[in-house]
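Thanks for coming. I will go through a few residues one at a time, so please keep the structure in view.

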Amino acid sequence: LMTKVMSMDEKPGFVDSMAHLRKDWGNLTVFCIDGEGAHEIDDGVSVEDAGNGEHWVHVHIANPTAFFDHDNPLAKMARHMTETIYMPERAFVMLPRWSTSRHFSLQAERPVLTFSARLNSKGETVEQKIQPGFIRNVKFLTPGEAARVVGVAAGLNPDVVLKIGGEVPHHEPKKTGKHLLDHEIEMLKQLQTLAEKRQ
């Protein structure tokens, strides 16, 4: 199975079965919040003002299954692996890196499946929908940077740190919130406020 999957690299034969249904999300900023070591960026969030104190909150996820059927070797590999497993020495990926990096990981001009909820000012769901689409404007942040931007510190410092063999080398993150525009920072803060109300 792995041999078949790896041999598909040059000519995967992907056809978007949802092309005629996809909504173009245009310039809406999609925030992908993942750790530095993430191999697949498979989800992102965004928020839109819906008027009357309401907001649409969107969760955009990678949509590889729109491009191949359940008999495809990639589908069989995904069923076998079920998820990407991160081990200290390496990651055991659900889908091969060539497929995620060139076709399915979220970034500008990539297809997504979007789960949306319209929330009122109390955080209650008023409406919900699911729709395939394309995202165009993607910003990448680490969880620590996202927390700093919205002004929360929860979960940044572990309760217990175990060290074996010396200190872990410090390195600056590649993804930072320094590239965010003022209105994007406000969007993240709005998402945080809605999440707290929803909770």
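In which strand does Asn137 lie? Asn137 belongs to strand S9, which covers residues 137-141. Before going on, note that this is a predicted model.

Next, is Asn137 buried or exposed? Its relative accessible area is 13%. The cut-off for buried is under 20%, so Asn137 counts as buried.

What does Asn137 touch? If we set aside its neighbours within four places in sequence, Asn137 is in contact with Gly26, Asn27, Leu28, Thr29, Val30 and Glu184. One of these, Thr29, also has a polar contact with Asn137: their side chains are joined at 3.0 Å.

Now to the loops, and to backbone angles. Which loop holds Asn52? Asn52 sits between strand S3 (43-51) and strand S4 (54-62). Asn52 is not a glycine, yet its phi is positive, at about 55°. As for accessibility, Asn52 has a relative accessible area of 80%. Exposed means over 50%, so Asn52 is exposed.

The other loop residue on my list is Glu109. Where is Glu109? Look at the loop that runs between helix H3 (97-104) and strand S7 (110-119). Glu109 has a positive phi too, of about 70°, and Glu109 is not a glycine either. Its relative accessibility is 46%. That value falls between the cut-offs of 20% and 50%, so Glu109 is called partly exposed.

To recap: Asn137 is buried, Asn52 is exposed, and Glu109 is partly exposed. That is the end of my list.

How values were computed. Residues are numbered from 1 along each chain as its sequence is written. Side-chain values use heavy atoms; hydrogens and water are left out. Helices (H or I, at least four residues) and strands (E, at least two) are DSSP runs, numbered from the N terminus. Buried means under 20% relative accessible area, exposed over 50%, partly exposed in between (1.4 Å probe, protein chains only). A polar contact is a pair of N or O atoms within 3.5 Å; within protein, one must be able to donate a hydrogen and the other to accept it, and residues adjacent in sequence count only if both atoms are side-chain atoms. Contact means heavy atoms within 4.5 Å.
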